[in-house]
Amino acid sequence: MVKKGILDILKGKFLVSGDAPKNWLFIIFVSFLATVMIGSSHSADKKVHRIAALNEEVKELRSQFVDIHKDVQRLKLESTITETVAANALYPSEEPPRKIRVKSKEETE
């Protein structure tokens with residue numbers, strides 16, 4: 001009995017027997033589910049690779065930001081500014097700055 005059932009499956013009799021439309025619908029449904037599963041797996045793999053590439057790009061950009069920020073901090077130093085403007089014969093003042101106060105009309109009255 002089991003041997004006959006296996007032979008019927010191998011010969012494909014379940015595809016041409018009286019209840020074959022039910023079997024064909026099931027086969028088509030399983031094939032559709034397999035296709036959807038394979039497609040979603042490929043989509044997930046693409047997203048994982050994209051995320052990895054974006055993470056690498058973020059690391060690279062962060063490294064560039066740190067380098068540029070370091071250079072900007074160095075350029076903002078008073079000694080660097082003094083050296084840069086010395087080429088144009090500009091030097092720091094010997095006198096400290098004075099505060100200028102402007103009196104409004106209300107203060108003078």
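Modeller: Please begin with K59 and E56, which are three residues apart in helix α2 and so are separated by about one helical turn. The model is a predicted one.

Biologist: Why do residues three or four places apart in an α-helix point the same way?

Modeller: An α-helix has 3.6 residues a turn, so such residues point the same way.

Biologist: What makes the contact of K59 and E56 a salt bridge?

Modeller: The rule asks for a side-chain nitrogen of Lys or Arg within 4 Å of a carboxyl oxygen of Asp or Glu. The N to O distance between K59 and E56 is 3.9 Å, and therefore the pair is within the limit of 4 Å. By this rule the count comes to one salt bridge.

Biologist: Why is K59 called exposed?

Modeller: A residue is exposed when its relative accessible area is over 50%. K59 has a relative accessibility of 53%, so it counts as exposed.

Biologist: Why is F32 called exposed?

Modeller: The value for F32 is 52%, and the cut-off is again 50%, so F32 is exposed. F32 is placed in helix α2, which covers residues 20-75.

Biologist: Which residues form the nonpolar patch on the surface?

Modeller: The patch is formed by F26, F29, V30, F32, L33 and V36, which together have about 600 Å² of accessible area. Members of a patch need over 30% relative accessible area; F32, at 52%, is therefore over that limit.

Biologist: What makes helix α1 hardly covered?

Modeller: Buried means under 20% relative accessible area. Among the 10 residues of α1 (residues 2-11), the count of buried residues is zero. Just after α1, G12 takes a positive phi of about 85°.

Biologist: How many of the residues of the chain count as buried?

Modeller: Of its 109 residues, 4% count as buried. The chain exposes about 10,800 Å², and carbon and sulfur atoms supply 64% of that area.

Biologist: How many helices and strands does the chain have?

Modeller: There are four helices and zero strands, and from the N terminus the elements run α-α-α-α.

Biologist: How do you know that the chain is more spread out than a compact globule?

Modeller: The globule rule gives 13 Å for 109 residues, whereas the radius of gyration is 40 Å, well over that value; therefore the chain is more spread out than a compact globule. Along its principal axes, the C-alpha trace spans about 115 × 45 × 25 Å.

Key
Residues numbered from 1 in each chain as written. Predicted model: local features only at pLDDT ≥ 70, side-chain atom pairs only at ≥ 80, totals over all residues. Heavy atoms only, no water. Patch = residues over 30% accessible without salt bridge, like charges linked within 9 Å, V, L, I, M, F, W, Y side chains within 5 Å. Areas by Shrake-Rupley, 256 points an atom, 1.4 Å probe, with all protein chains shown as cover. Helix = DSSP H or I, 4+ residues; strand = E, 2+ residues; numbered from the N terminus. Buried < 20%, exposed > 50% of the residue type's maximum accessible area, 1.4 Å probe, protein only. Rg over C-alpha atoms; globule rule 2.2 N^0.38 Å.
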